[in-house]
Every structure is written in structure tokens, then in C-alpha cells.
Amino acid sequence: MSDVISLIAFCLFGYLLGSIPFGLLLTKAAGLGDIRGIGSGNIGATNVLRTGRKGLAAATLVLDALKGAAAVLIVRALATEDIALYAGLAAVLGHMFPVWLKFKGGKGVATGLAVLTAASWPAGVAACAVWLLVAGTVRISSLAALGAFATAPLAALIMENFGVVKLAFTIAVLVFVRHQANIRRLIAGTEPRIGRSRTERA
């Protein structure tokens, strides 16, 4: 298999793995209907939490993270490190823009953090630590995510090679783009805190 074909094949694998909408599947299986019809309309763990089902939210978080980490770790075992990084990025894109949901997916926080951690555990741990610190202090999930992904490229620049820096920066840009509505609400002071429901869509 040529390098180009290998890259395309493994990126497709990463994208399809990342595109599995666990939040939607779990809430439907629990009889809660379509998660896209409540709260922010998002399929991620934060919106699943707005159903009041903490167990489902935790399961969504874990599964969304696992698919990102798996994309990097499986491809790393089968191909090169560079291709594994591309597969991880493809998994984030799959989560954000899943073909099964007309390319309207999640915001990539859990999947992105897991990809970063699998690619570079020091950079990933640094980003996760910032998420936990901000979330625990101000209890605003979007602000925690933005802080974490703003930190990730800087942490990678200090501790890792340029390939990981590029990955961290690209994922950070994608996450910031997907959080445009949240950023506007943060500026306006209307962004909901963790655990509080909201009826308007993001």
C-alpha cells in the first residue's frame, strides 16, 4: 500500500470512528428521544447532561473520548506516527461533521482532548488539567473547553515535536470555530453553567 493510499485509508477509518454519534445513540436507546431537540441541540456529553441523566452523560463523555484515542492508538500500531496524527484529526472532524447526521455533529471537546492525550500525554494532560480547573472554578463548560484548547498548542510547543504542535493548533482552531455561539454568549454574560438547562439552541 502506497503512502498516499495508506494515509487516505487510515484517515477514512479515523473519520468513520469519530463520526459515531454516541450521545444521540445512547439517549435514543434510553427512550429520551432525539438529543438534538433539547438544550443546545448538540450531541455531546454537556447537552446529554441537560436531560438530567448523569450516567448517560458520563457514558457519552467516555465513549466520545475513547473513539478519539482509539483512532490514534490503532493507527499508530499499524502505520506511522504522522499518519496516526492525521487519523486523530480525522476522528475529530468525524465527530464535528458526521456524514450520518448531515455533517451536524458535536463540538469536539472530549474527542479532541482524547486525541491530544493519545498523541502526546503531557500536552493532553496539561489541556485536561486546564479544563478541570476552569470548569471547577467557574462551572462553564464552554469556557473550560476554550481554555483547554488554547493551552494545548502552547503545551505541545514546549513538550513535543512540530507534528503534535500542528495537530493541537488545528484542533484548537476547529473547537473555537464550533464554539462561536458560546463565545458570543460568554461575551454577553448569558452562557449557562454546568448542570443548568437551557431551551434555546446553540
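**Helix α4 and its two partners**

Helices α1 and α4 are roughly antiparallel to each other, a term used for angles over 145 degrees. This is a predicted model, in which local features need pLDDT of at least 70 and side-chain atom pairs count only at pLDDT 80 or more, while totals for chains, interfaces and linings use all residues. Residues are numbered from 1 along each chain as its sequence is written, and side-chain values use heavy atoms, with hydrogens and water left out.

The axes of α1 (residues 3-18) and α4 (residues 54-78) come within 9 Å and cross at roughly 160 degrees, where axes are lines fitted to C-alpha atoms over the stretch in contact and angles run from 0 to 180 degrees between N-to-C directions. The helices are DSSP runs (H or I, at least four residues) numbered from the N terminus. On the α1 side, the contact (heavy atoms within 4.5 Å) is made by Phe10, Phe13, Gly14, Leu17 and Gly18, and on the α4 side by Lys67, Ala70, Ala71, Ile74, Val75 and Leu78. By class, this contact of α1 with α4 has 8 nonpolar, 2 polar and 1 charged residues, with Gly counted among the polar ones.

Turning to the other partner, the axes of α4 and α5 (residues 81-96) come within 7 Å and cross at roughly 155 degrees, and α4 and α5 are therefore roughly antiparallel to each other. Here Asp64, Lys67, Gly68, Ala71, Val72, Val75 and Arg76 in α4 meet Glu81, Ile83, Ala84, Ala87, Gly88, Ala91 and His95 in α5. The residues of this contact of α4 with α5 divide into 7 nonpolar, 3 polar and 4 charged.

Note on methods:
Helices (H or I, at least four residues) and strands (E, at least two) are DSSP runs, numbered from the N terminus. Angles under 35 degrees count as roughly parallel, over 145 as roughly antiparallel, 65 to 115 as roughly perpendicular and the rest as oblique.
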